[in-house]
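Here's a quick briefing to read with the model open in your viewer. Have the sequence to hand as well.

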Amino acid sequence: MELLLSFLMENFCLGYEADCLLTACYPLLQCSYHASKMYLQHQVQWTVKSDEFHMPTKSLLFFSLQTFEKLLIANRGEIACRVIKTCKKMGIKTVAIHSDVDANAVHVKMADEAVCVGPAPTSKSYLNMDAIMEVIKKTRAQAVHPGYGFLSENKEFARRLAAEGVTFIGPDTHAIQAMGDKIESKLLAKNAKVNTIPGFDGVVKDADEAVRIAREIGYPVMIKASAGGGGKGMRIAWDDEETREGFRFSSQEAASSFGDDRLLIEKFIDNPRHIEIQVLADKHGNALWLNERECSIQRRNQKVVEEAPSTFLDSETRRAMGEQAVALAKAVKYSSAGTVEFLVDSSKNFYFLEMNTRLQVEHPVTECITGLDLVQEMIRVAKGYPLRHKQADIPINGWAVECRVYAEDPYKSFGLPSIGKLSQYQEPLHVPSVRVDSGIEQGSDISIYYDPMISKLITYGSNRAEALRRMEEALDNYVIRGVTHNISLLREVIIHPRFVQGDISTKFLPEVYPDGFKGHQLTDHERRELLATAACLYVAEQLRSQRFLGTPRIPIAKSKRNSWELSVHLGDGIYPVAVSKDGSSFSVEVDGMKLNVTSEWNLALPLLSVTIDGTQRTVQRLSRDASGKTSIQFLGTVYKLQVLTKAAAELSKYMPEKAAEDTSSILRSPMPGAVVAVSVKPGDMVSEGQEICVIEAMKMQNSMIAAKTGKVKAVHCKAGDTVGEGDLLVELE
């Protein structure tokens with residue numbers, strides 16, 4: 001038995017799958033289960049999810065070599081939780097760091113230990129290297145996983161860890177320096193025979209030089225932070241004025257987000273696809289490409305929907321992109337998981353964009369189609385083990401789609417941040433083949449200090465159509481209350497004919513919604529379904545209010561009412577709706593057409609499954625009041641309706657309505673954030689479109705402009721102020 005297990009471990013070290021070896025040795029292991037378990041516990045890590053021994057599978061058995069005893073996660077939110085899950089699976093103890101406002105965060109509760117590293121601002125907490133290094137010493141953590149963002153691509157942090165003998169779960173400082181600097185990485189990519197975008201390869205000194213370089217390259221150009229990522233510090237400029245403005249905002253955002261305000265300028269490739277290649281390399285010269293991810297659905301250069309594989313690539317282009325990505329990784333002796341991003345034009349020409357020397361936000365879709373745990377692979381590589389797979393072993397099994405669920409208002413520039421407390425939160429994990437990577441729970445706060453991401457919602461299918469159907473169902477079944485969210489936008493994207501056909505680019509959102517996102521536009525049939533649902537909810541509420549503990553309040557006076565004449569107000573229309581009760585179902589007449597509506601009508605549940613003429617819909621009633629006003633989430637979009645009896649509707653016309661506020665003479669903050677600069681003072685004359693002030697939210701700077709020409713009457717904010725959504729900033733005469 002000892003010889004057998006020694007052979008098993010030796011071959012596992014050489015890269016064979018534990019499942020295959022254990023299955024081959026199953027008869028012997030079954031006979032001596034307890035002895036083998038004791039031996040393996042002494043030699044390696046061994047986790048069994050049941051005392052009963054069955055045929056080994058990945059879900060039952062996790063078998064790995066010893067790596068680290070304790071690991072610190074230098075991050076927060078969903079990525080910290082994601083790393084902790086794999087560490088638990090590997091038997092590694094975890095240490096979480098947190099700011100004071102994150103003291104009750106989910107990642108803090110999940111970790112074995114948690115230490116506060118400072119107040120809420122990232123510069124004083126999650127970017128505070130001195131404080132984090134002290135925690136590492138105090139907890140005796142042997143390794144640090146940086147997640148993404150924050151210090152994940154900071155070469156100084158990696159250098160300091162190495163000096164203390166602490167393992168950085170990522171590449172070495174040379175690779176971070178080479179690939180983290182967009183200027184140097186572009187030069188290295190050229191030398192490695194990787195296709196690159198035409199542009200200026202040096203550092204842009206000031207706005208005047210930026211204009212000169214932009215003219216030489218030819219408009220449009222992309223201005224972006226040399227040390228940046230995640231869409232921060234990036235601006236597209238189409239003329240000299242936009243170049244000057246873009247230089248100012250990009251340098252400020254870069255300094256705020258990365259502590260490095262250096263910028264570069266390159267040709268902007270109009271209407272491309274954004275496709276990236278996941279690479280994985282070890283310290284022994286081995287490197288693999290793990291297929292591609294399609295990341296073209298973006299707003300403000302930040303990804304919104306990702307999928308793997310891409311509908312656009314053929315096997316030849318995929319291989320060419322993968323081989324160039326691996327060539328670049330080998331050129332810098334890269335070791336860990338990393339991502340090489342490309343822009344791909346309509347002719348399938350591809351150009352190197354940047355390399356992210358860290359785990360990507362969208363890594364779950366790659367895990368779904370390859371079966372690999374990328375966090376586990378990063379930890380194994382950091383410990384010095386060789387890769388367990390060859391390029392020929394990397395499959396494309398099925399299709400995976402990821403939607404980034406944000407606390408944002410999608411009706412404002414496709415998503416301006418929203419803050420608040422999650423009063424109710426329920427993930428759609430009951431939907432088949434759904435994965436949710438999140439770092440929040442019911443009661444969590446979404447604050448102005450950090451990224452507004454709520455979760456990453458991932459669905460998997462044997463093909464793309466199946467993955468998209470499951471995503472649609474998952475979005476309908478996702479309960480998020482207390483903050484504004486972007487579920488409506490996500491749902492509209494994945495059901496849009498262009499997206500379904502794979503006809504997408506980075507300009508998808510502005511092309512499909514040139515006047516901004518307006519929510520789901522109801523067809524006549526869908527409008528009737530919504531009106532019927534709202535009317536039935538009203539009737540169900542009325543019937544429930546007549547009962548007390550399941551018994552009529554006044555048993556003597558039993559109501560025999562089975563029909564209701566209602567008036568439903570939706571948008572600019574008022575619709576007569578007739579409802580009649582037939583057992584547990586309702587017959588509803590709208591626009592002269594009858595619909596049969598059935599449900600359990602459990603109004604206490606956040607999700608309500610309603611069947612309308614055989615079509616199942618999942619709806620959420622978000623609010624209601626005594627005046628009949630109600631908000632219903634239907635097909636992903638929240639609709640405001642008012643349901644009244646016919647008599648009440650007749651009387652409502654006599655109720656005065658509040659006049660809408662004249663917004664042309666005032667400027668209100670469209671989002672919560674911090675005032676970075678105020679450009680005017682009382683008495684100044686301003687022109688329509690002139691910048692009044694700058695608001696920073698989640699490290700993105702937004703220029704607030706005047707809606708008309710006039711004189712400034714009053715200024716209600718100053719640089720450094722924190723403002724909420726709707727707060728008055730400036731008044732004009």
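Predicted model: local features only at pLDDT ≥ 70, side-chain atom pairs only at ≥ 80, totals over all residues.

Residues are numbered from 1 along each chain as its sequence is written, and side-chain values use heavy atoms, with hydrogens and water left out.

**Overall picture**

- The protein has 21 helices and 43 strands; these are DSSP runs (H or I of at least four residues for helices, E of at least two for strands), numbered from the N terminus.
- Of the 733 residues in the protein, 55% are buried. Buried means under 20% relative accessible area, exposed means over 50%, and partly exposed is in between (1.4 Å probe, protein chains only).
- Take the contacts (heavy atoms within 4.5 Å) with a separation of 6 or more: residues 24 or more positions apart account for 63% of them.

**Helix pairs**

- Helix α16 (residues 464-476) packs against helix α17 (residues 487-495) at about 160°, and their axes are 10 Å apart. Axes here are lines fitted to C-alpha atoms, for helices over the stretch in contact, and angles run from 0 to 180 degrees between N-to-C directions.
- The two helices α16 and α17 are therefore roughly antiparallel. For reference, under 35 degrees counts as roughly parallel, over 145 as roughly antiparallel, 65 to 115 as roughly perpendicular and the rest as oblique.
- On the α16 side you'll find Leu 468, Met 471, Glu 472, Leu 475 and Asp 476, which meet Ile 487, Leu 490, Arg 491, Ile 494 and Ile 495 of α17. By class, that contact of α16 with α17 has 7 nonpolar, no polar and 3 charged residues. The classes go like this: Ala, Val, Leu, Ile, Met, Phe, Trp, Tyr, Cys and Pro are nonpolar, Asp, Glu, Lys and Arg are charged, and the others, Gly among them, are polar.
- Helix α9 (residues 173-180) and helix α10 (residues 182-191) have axes that come within 5 Å and cross at roughly 95°. That puts α9 roughly perpendicular to α10.
- Gln 177, Ala 178, Met 179 and Gly 180 of α9 make the contact with Lys 182, Glu 184, Ser 185 and Leu 188 of α10. The class count for α9 with α10 is 3 nonpolar, 3 polar and 2 charged residues.

- Helix α15 (residues 374-383) has 9 of its 10 residues buried, so it is largely enclosed by the rest of the structure. Among the buried ones are Gln 376, Glu 377 and Arg 380.
- At the start of α15, a side-chain oxygen of Asp 373 comes to within 3.1 Å of the backbone nitrogen of Val 375. Just after α15, Gly 384 has a positive phi of about 110°.
- Thr 67 sits in the loop between β2 (61-64) and β3 (70-73) and is buried, at 4% relative accessible area. Leaving out residues up to four places away in sequence, Thr 67 touches Met 90, Ile 92, Ile 379, Lys 383 and Tyr 385.

**Polar contacts in loops**

- Asp 314 lies in the loop between β14 (302-308) and α13 (315-331) and is partly exposed at 30% relative accessibility.
- The side chain of Asp 314 makes a 3.0 Å polar contact with that of Lys 348. A polar contact is a pair of N or O atoms within 3.5 Å; within protein, one must be able to donate a hydrogen and the other to accept it, and residues adjacent in sequence count only if both atoms are side-chain atoms.
- A polar atom of the Asp 314 side chain also lies 2.7 Å from the backbone nitrogen of Thr 317.
- Ser 505, in the loop between α18 (497-501) and α19 (508-512), is buried at 4% relative accessibility. Its side chain and that of Asn 271 are joined by a polar contact of 2.8 Å.

- Most residues other than glycine have a negative phi, and most peptide bonds are trans.
- The Tyr 219 to Pro 220 peptide bond is cis, with omega near 0°, and so is the one from Ala 308 to Pro 309.
- Lys 193 has a positive phi of about 65° without being a glycine, and is exposed at 69% relative accessible area.
- Leu 635 also has a positive phi, near 55°, but this residue is buried, at 6%.
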